[in-house]
Amino acid sequence: MEMRAVYAQCMAELMRQDRHVCVLDADLSKASGTRGLYPEFPQQMFDCGVAEQNMASIAAGLASYGFKPYIESFTPFATRRICDQVAISICYAKQNVKIVGTDPGISAELNGGTHMSMEDVGVLRSIPGIVIFEPVDQVQLKAAMPVINDYEGCVYIRLFRKQLPDVFPPDYSFRLFEADKLREGCDLSIFVSGLLTADVLEAAERLAVEGISCEVLNIHTIKPIDRKAVIESARKTGAALTVENHNVIGGLHSAVLEALAEEKLPVCRVGVEDRFGEVGKMPYLRQVMGLTIENIIATARRALALK
Amino acid sequence: MDLKEVCKDIRCDIMSSIGHLGNGHIGGCLSVVELLAVLYFEEMNIDPAEPKMAGRDRLVCSKGHAGPAVYAALANRGFFRKEELLTLNQGGTNLPSHCDMNRTTGVDMTTGSLGQGFSCAVGAALGAKLEGDGARVFAIVGDGESQEGQIWEAAMFAAAKKLDNLIGFTDYNKLQIDGSVAEVNDIAPLPDKWAAFGWNVIDVKDGNDVQQVSQAVKQAKANLGSGRPTMVILNTVKGCGVSFIVEMGPGNHNTNLTEEDARRAIAEIRGGK
């Protein structure tokens, strides 16, 4: 099932359970997968039209009234375009608003550079108190949504909206703020979030054939990062690699570097090297941005050589 | 209750709190005094003993830099002790320069980044409609603030969603930091703009005449049930009530004020009509 369909199912469930849960759109409810819910929830869903800043502050006003609003848009418009509204109307004012950004990084594909946010995590990560969550698959998303809904405060959900391969088993139990260990290893720690997680597992599999043992941690909550898990794993293996569908500045790589700032070990990276996106399909974009399994393997070898 | 006397009290408290500190947003605080007096002392369903009362009316001062005026009104209305006004903008205060709902008793929305508070007020008005608790939301917008695109996004949404429990006020004092509003980036014709956005519009000739403001608010209330939000445009004077502040022109937006200046201002306010 597509991630947006799972997300919409979760929202329907949450809205049925609590009339204070509501959804605000900025003319992209079809992309977010929630358009079909409007007839069932006329008192809980509001399309603000193409006015994201207004949507964010209206959500804050609703939250001040005890509602639990979710605002939806493409990642660039849900983050960098409304950065001040997220910072002031929502986070500074301590309003319980959830932000759902779809099509992160290269997954914006044919919408191209204007719609391709390589910096959304970086933009939001420096706002005090915000939580940043990026799901890996439908199992994790489904498990996370009720937990996130119960969390009192602003959470940004960085949502790839199409189909993703299942990484987690059906009985997966989600813990907000705690990283998930996907693979035990002793030579190298790989920290990954979102879209590229399955690729990292494939890379780890291939490296194992060469006798290289990788530990893989899914950092689903990029902020606050699970410092304990990151430091423990890196100390054990002595080398680290971050893999992300985001600019290497400001996102997962930066967060891991901050956690490991006092550790003496190499931290290599696979991510977007400080450049804007461009139009293209995913295979092309993976190539030009270096987000390939081959590059993950090559960079893993480099990290090991630096030990 | 003599609202003119209330206005004098609020004005004096603004001047003494800012004078104690040494500087502040004096001009735009003094221009909204009559409105605050009418709302807090005549109109709003609020209870200082229960500041978070369910179904209470909300005031959102979207021009958040008028915080000191809001605090003076709240203190006079009994939300906190008047002595606290002298902590304005001191480290650790509950009375920061711009309104903060998490710090100040009686403040319902955090504002200061211009344009945002008005959208928050629209969200609160929508919330009140959904709850059906009968609350009304009053929102104060600056004229310079009306240059923000977000004001007009919110205006469009409030009309489209028929939020007739929302009453906005524009403090049209005609001045902003860099000069006159007309010179910097003119917002005229303001009544026509709000009418074109689907709002009831009430144009108040003298927004510093407490009787005219009171009548306008009563007229605005009559629009509840009309399916349209109402904008009351208050033609005001920036710095109203203190002649040497008015004479500063655009410079009175944020200016120094000694305690001696404050005493002089208070003497003028107390001696005024």
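Guide: Welcome! The model is predicted, so local features need pLDDT of at least 70 and side-chain atom pairs count only at pLDDT 80 or more, while totals for chains, interfaces and linings use all residues. Residues are numbered from 1 along each chain as its sequence is written, chains are lettered from A and ligands numbered from 1 in the order in which they are written, and side-chain values use heavy atoms, with hydrogens and water left out.

Visitor: Which residues is Ala73(B) in contact with, leaving aside neighbours within four places in sequence?

Guide: Contact means heavy atoms within 4.5 Å. On that rule, Ala73(B) touches Ile10(B), Leu36(B), Tyr40(B) and Phe41(B).

Visitor: What makes helix H3 of chain B mostly covered?

Guide: Ten of the eleven residues of this helix, which spans residues 33-43, are buried. Among them are Leu36(B), Tyr40(B) and Phe41(B).

Visitor: How do you know how much area chain A and chain B bury between them?

Guide: The size of an interface is often given as the accessible area lost when the parts come together. Here buried area is the accessible area (1.4 Å probe) that two parts lose on being put together, summed over both. For chain A and chain B that is about 2,100 Å², 56% of it on carbon and sulfur atoms. In chain A, Asn54(A), Ile58(A) and Tyr65(A) lose the most area to chain B, together 29% of what that side buries. The contact takes 25 residues from chain A and 26 residues from chain B.

Visitor: Why is the pair Glu131(B) and Arg19(A) called a salt bridge?

Guide: The rule asks for a side-chain nitrogen of Lys or Arg within 4 Å of a carboxyl oxygen of Asp or Glu. The closest N and O atoms of Glu131(B) and Arg19(A) are 2.8 Å apart, so the pair meets the rule. Across the interface of chain A and chain B, one salt bridge is found.

Visitor: What makes a pair count as a polar contact?

Guide: A pair of N or O atoms must lie within 3.5 Å; within protein, one must be able to donate a hydrogen and the other to accept it, and residues adjacent in sequence count only if both atoms are side-chain atoms. Between chain A and chain B, 15 residue pairs pass, both residues being at pLDDT 80 or more.

Visitor: Where do the domains of chain A lie?

Guide: Their bounds come from an automatic or database domain assignment, which gives domain 1 (3-159) and domain 2 (180-305). Taken over C-alpha atoms, their centres are 26 Å apart. The two domains bury about 2,300 Å² between them, of which carbon and sulfur atoms give 57%. In domain 1, Ile106(A), Met118(A) and Arg125(A) lose the most area to domain 2, together 33% of what that side buries.

Terms used:
Buried means under 20% relative accessible area, exposed over 50%, partly exposed in between (1.4 Å probe, protein chains only). Helices (H or I, at least four residues) and strands (E, at least two) are DSSP runs, numbered from the N terminus.
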